Amino acid sequence: EVSLVESGGGWVQPGGSLSLSCATSGFDFGIYIMQWYRQAPGKERELIAYISTSGENAGYSDSVRGRFTISRDNTDRTVSLQMSKLKPDDTGVYFCAAYVGPRYYWGQGIKVTVSS
């Protein structure tokens, strides 16, 4: 059974840092591009970061580039998102996803709130 489980969310003050992790099982992790999506209140889900199968290449949306870092561990089957310099606009539900076209697997999402 495929499983992606996010952890590490919560509340943080503006300017703070938070690290998300996604533990996976049930699929061939090493051949999937791993991604993080975010859905802000009242908005559509958006792709904010992705990392290649080897971990050598990563990409970010303009909204998080320079502040967030995605990484993966193919041995532990995990993908992480280190978030720094957080802003209130970073508030939302964060989802990890595994993609190898056209297949997607999704986590259930975890809430991040950035406020003072």
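Biologist: In what sense do strand 1 and strand 3 pair, and over how many bridges?

Modeller: Antiparallel, over five bridges; strand 1 covers residues 3–7. Strands here are DSSP runs of E, at least two residues, numbered from the N terminus, and two of them pair if DSSP finds at least two bridges between them. Bear in mind that this is a predicted model: local features need pLDDT of at least 70, side-chain atom pairs count only at pLDDT 80 or more, and totals for chains, interfaces and linings use all residues. Residues are numbered from 1 along each chain as its sequence is written, and side-chain values use heavy atoms, with hydrogens and water left out.

Biologist: Which residue of strand 3 is opposite glutamate 6?

Modeller: Cysteine 22.

Biologist: And how many bridges join strand 3 to strand 8?

Modeller: Six, again antiparallel, with strand 8 spanning residues 78–83. Serine 19 has glutamine 82 as its bridge partner there.

Biologist: Which side chains of strand 3 are buried?

Modeller: Leu18, Leu20, Cys22 and Thr24, which point to one face. Buried means under 20% relative accessible area with a 1.4 Å probe, protein chains only.

Biologist: New topic: what does leucine 81 touch?

Modeller: Skipping neighbours within four places in sequence, its contacts (heavy atoms within 4.5 Å) include Leu18, Leu20, Trp36, Ile48, Phe68 and Tyr94.

Methods
Buried means under 20% relative accessible area, exposed over 50%, partly exposed in between (1.4 Å probe, protein chains only). Helices (H or I, at least four residues) and strands (E, at least two) are DSSP runs, numbered from the N terminus.
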